[in-house]
Each structure stands twice: as structure tokens, then as C-alpha cells.
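Please have the model open while you read these notes.

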Amino acid sequence: MKDVFVNGLGFVNAQFIDEVGHEFDLLQEFISKAKSPSLKEIISPAMSRRMASGVKMGIYASLKALEEAKVEQPDTIITGTALGCLVDSEKFLINIIQNNEAFLTPTAFIQSTHNTVGSQIALHLGCNAYNFTYTNGFNSFENALLDGSLQVETEEVKTALVGGIDEIGERTYQLLQLIGEIKSATNQGKKYSEGAHFCVLSNEKSVTSYAKLLAVSICNGYEDLYAEILKFIELNHINLSDIDAIISGEESLKDNNRLNGLASLYEYKEFIGEYGTSSAFGFVLGCELLKKQILPSQFKKNDRKAEKYKNILLVNGHNGKDLSLILLQSV
């Protein structure tokens with residue numbers, strides 16, 4: 001069994017492109033679009049105009065991750081998305097209604113499938129390798145990460161391009177506001193956004209390595225967050241006291257007295273918004289912290305500080321479900 005190293009990152013979200021800077025504020029809007037990266041050198045303007053935002057973000061972030069890892073062709077491409085190419089899905093459904101289910105062009109339908117981003121990345125790279133997309137709600141990125149890490153660990157592949165992508169669809173998010181999932185003037189839901197985050201996993205350490213990926217755990221439902229974390233840590237032969245930082249996308253964690261004072265606590269969703277694969281940004285933060293040993297102070301939620309960050313626990317959940325736990329270690 002081989003070790004799994006994170007050798008490259010690429011990302012786009014509402015606050016950051018390519019790097020986690022120190023100048024950013026809380027999201028002000030109920031729904032925030034991701035920043036637009038420069039695509040001129042990557043995709044022709046004619047092609048770019050026909051692409052959904054999720055596809056453009058995905059291609060950009062994946063190429064940045066590959067460039068940083070110095071990998072021209074990955075051995076596998078694995079993506080995760082909760083709602084897929086939502087904009088094109090809405091276009092197709094609107095066309096069905098407006099055209100009374102007749103005279104429909106297939107383009108919007110073809111581009112609306114969840115695996116569109118993974119396939120477009122493969123077409124852009126000319127990659128004919130294993131290409132798979134996971135659509136498991138708020139655990140979509142974690143399922144993709146688990147698949148990629150297992151393939152690298154068992155030496156089925158040497159490098160795996162893994163990412164999470166979700167975009168904003170106007171009509172869908174209006175409906176989510178109506179049911180209270182997204183914050184509005186009439187409810188206390190969450191602030192939503194979109195983004196794409198990719199990493200390159202490898203069984204070889206390099207000068208670009210950020211971290212070692214030790215384990216990924218996924219749980220559909222849970223009652224005791226502390227018990228789940230303790231079980232996960234013990235299964236991986238690490239003591240709870242060895243955890244130097246917790247990076248959380250789970251709201252209930254900060255109210256858990258047994259966990260809040262355990263290690264340095266960081267939270268991120270109030271800055272980049274909630275969406276199906278927002279936990280992928282938590283993964284980015286974990287890798288950044290292990291490599292640079294510091295994160296912007298805005299993410300910090302307690303006064304604990306480690307002399308050196310060696311073991312980092314990533315925790316994410318959504319409405320008491322879809323718990324995911326990821327363990328990263330310094331290299």
C-alpha cells in the first residue's frame with residue numbers, strides 16, 4: 001500500500017482564485033456567484049460562450065492543479081457534484097415547458113448531465129482514462145476523494161485528478177429559498193454560492209506536495225459528533241490529543257465543548273458560502289495550513305495555536321446529515 005500525497009491544488013469560488021489571500025469579508029448577498037477566472041489562454045471565446053459556469057470553473061481549476069503538480073496527463077479523473085450543471089438543466093426544462101414538449105434541441109440536455117464537467121476536462125486534456133462522477137449530495141466531493149485515494153493507495157494509478165464542482169441555477173435556488181434552505185428576507189437559511197476545487201493525488205512525494213491524505217470517512221446520519229470523530233481517529237491509530245487543528249464546515253462543532261477547546265478551530269462557510277461541494281474548500285485550507293503553517297486570521301474561531309501543525313482533521317456536515325471526516329498529515 002502506497003502513501004497518498006496531495007501534490008497540486010486549483011480552485012475558484014466566491015472569494016478566491018488560485019490562492020487564499022488575506023483580504024476578504026463575510027458574504028453579504030444571500031446568493032453569491034463565484035469569481036470569473038481568466039480563460040483566454042485555456043478556452044477559445046467561441047467555446048467559452050457555450051459553456052456553463054460550472055464547466056468553465058472546473059476546467060480552469062483542474063488545469064491549475066495539474067500545472068502546479070507538474071502532471072500533464074492524470075491516470076484518472078474523478079469529480080463530485082451535488083446538483084451537476086444546474087444552469088443547463090434549467091434551460092432544458094424551461095424549453096420543454098415553453099415548446100410544449102416539442103421541437104427540442106438536445107444540446108442543453110447533453111450539457112446538463114452531472115458528468116459533463118469531468119468529460120469536458122477529459123476532452124480538453126485528450127485523456128481516455130477512467131472518468132467517474134459522484135453525485136451523493138453534500139458528500140459528493142468526499143466520495144470522489146475516497147475513490148481517488150484508494151486507487152492511488154493500491155497502485156492502480158499513480159496520479160488522480162479529483163475535484164468538486166457546483167454552480168448556481170437561478171430557478172432552483174429560488175425554490176430552495178422558498179423552503180428555507182437558502183437565506184432570504186423571510187427565512188434564516190444559509191447563504192449559498194458556487195465553486196470548483198481540484199487536487200492532484202499521487203503516490204510519490206514531490207517538491208510541490210502539500211500534505212499526506214491519511215483517511216476519508218463518510219456517514220449518512222449521526223447523533224453524537226464527538227463519538228463519530230473519536231471512532232474515526234482511533235481507527236487511524238491517532239490520539240485525539242495529536243490533532244493540531246480542526247477545519248469545520250459543520251455548524252454544531254463550535255458549540256461542542258469537548259471539541260471546541262481541543263485544537264485550533266477554523267471555519268470557512270460564512271466566507272465562501274454553502275453548496276454541495278463547499279467542503280472541498282475546507283480540504284484546500286487543510287492543505288494550505290500544513291504547507292504554510294498559517295491561515296488568514298478570519299477563519300480562526302478560538303485561541304488555540306499549535307507550535308507546528310502536523311495532523312489536521314476536516315469535519316463537514318449538513319443539517320445533521322452527510323457527515324464527512326478527512327485526516328491530513330504534514331509531509
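1. Basis. This is a predicted model: local features need pLDDT of at least 70, side-chain atom pairs count only at pLDDT 80 or more, and totals for chains, interfaces and linings use all residues. Residues are numbered from 1 along each chain as its sequence is written, and side-chain values use heavy atoms, with hydrogens and water left out.

2. On terms: helices (H or I, at least four residues) and strands (E, at least two) are DSSP runs numbered from the N terminus. Two strands pair if DSSP finds at least two bridges between them.

3. Strand β4 (residues 159-166) pairs with β5 in the antiparallel sense, over eight bridges. Within that pair, G164 has H197 of β5 as its bridge partner. Contact here means heavy atoms within 4.5 Å.

4. Strand β7. How many residues of β7 (residues 245-249) are buried? Five of its five are. Buried means under 20% relative accessible area, exposed over 50%, and partly exposed in between (1.4 Å probe, protein chains only). In a regular strand the side chains alternate between the two faces of the sheet. In β7 both faces are covered: A245, I247 and G249 lie on one side, I246 and S248 on the other. Four bridges join β7 to β8 (residues 264-267), and the two run parallel. There, S248 has E267 as bridge partner. Strand β9 (residues 311-318) also runs parallel to β7, joined by five bridges. I247 stands opposite L314 in β9.

5. Helix α3. Does the length check agree or disagree with 1.5 Å a residue? The 13 residues of α3 (residues 86-98) should span 18 Å, and the end C-alpha atoms are 18 Å apart, which agrees. The expected span is 1.5 Å times one less than the number of residues. L86, D88, E90 and F92 of α3 are buried. Just after α3, N100 takes a positive phi of about 55 degrees.

6. Cysteines. The disulfide count is zero, taking a disulfide as a pair of cysteine sulfur atoms within 2.5 Å. C85 is in none; the nearest cysteine sulfur, that of C127, is 18 Å away. For C127 the closest is in C199, at 15 Å, too far for a bond. C85 is buried at 1% relative accessible area, and C127 is buried at 9%.

7. Serine in a loop. S193 sits in the loop between α7 (170-178) and β5 (195-202). S193 is buried, with a relative accessible area of 0%. Its side chain reaches the backbone oxygen of S32 at 2.8 Å. Leaving out residues up to four places away in sequence, S193 touches A14, S32, I168, Y173, I272, G273, E274 and Y275.

Notes. A polar contact is a pair of N or O atoms within 3.5 Å; within protein, one must be able to donate a hydrogen and the other to accept it, and residues adjacent in sequence count only if both atoms are side-chain atoms.
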